[in-house]
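Let's take a friendly walk through a protein model together. Keep the picture in view as you read.

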Amino acid sequence: LPKPQYLSRSIPKKITIPTISVDAGMHEVGLLSNGSIETPNVLSGLVGWYEYGPTPGEIGPSVLVGHVDSYKGPSVFWNLAKLNIGDNINISREDGTVVKFSVTQIKQYPQDDFKTDEVYGDINNAGLRVITCGGTFNHLTGHYSKNTVVFADLVLN
């Protein structure tokens, strides 16, 4: 019998991305009143997992968000855009499993034209979407011009 290509639900607790030296805790985030995904406290160094979507390893796009920087300097996803196709992202889950994902693509989307369906839409495999800010920082608005989105797929050993 072929092994199922996905795992059961289990809350993610930690993320490591060896090639860019990410080793961070995680917590659940929801939606803000404007419909956008809540982000972790900018100085926490934590990564947020969107709690209304699949957990990493379940079928569908599991969404993780984190900051690129803060007024104090680089943050957890400072080097996210430097990832390469095939790089590994490891997620430690509450059930004790560590699930491995492999980067399949890295894209940048203008924040004023974010491709919601492309990023958050249904997929028939266990995927990961890791999102942070990118592009240029506008000091007047306090926002970046783009979002960097890393797409990754579950790797089962």
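Six salt bridges are counted here, where a salt bridge is a side-chain nitrogen of Lys or Arg within 4 Å of a carboxyl oxygen of Asp or Glu. The model is a predicted one, in which local features need pLDDT of at least 70, side-chain atom pairs count only at pLDDT 80 or more, and totals for chains, interfaces and linings use all residues. Residues are numbered from 1 along each chain as its sequence is written, and side-chain values use heavy atoms, leaving out hydrogens and water.

Look for K107 and E118, whose side chains meet in a salt bridge at 2.6 Å, N to O. This pair links distant parts of the chain, 11 residues apart: K107 sits in strand 8 (residues 98-110) and E118 in helix 1 (residues 116-120). Helices (H or I, at least four residues) and strands (E, at least two) are DSSP runs, numbered from the N terminus.

How open are these partners, buried or exposed or in between? K107 is partly exposed at 29% relative accessibility, and E118 is partly exposed at 36%. Buried means under 20% relative accessible area, exposed over 50%, and partly exposed in between (1.4 Å probe, protein chains only).

Next, find D95 and R93, which form a salt bridge at 2.8 Å, N to O. Here D95 is partly exposed at 41%, whereas R93 is buried at 5%.

Finally, the side chains of K115 and D113 meet in a salt bridge at 3.0 Å, N to O. K115 is partly exposed at 36%, and D113 is partly exposed at 40%.
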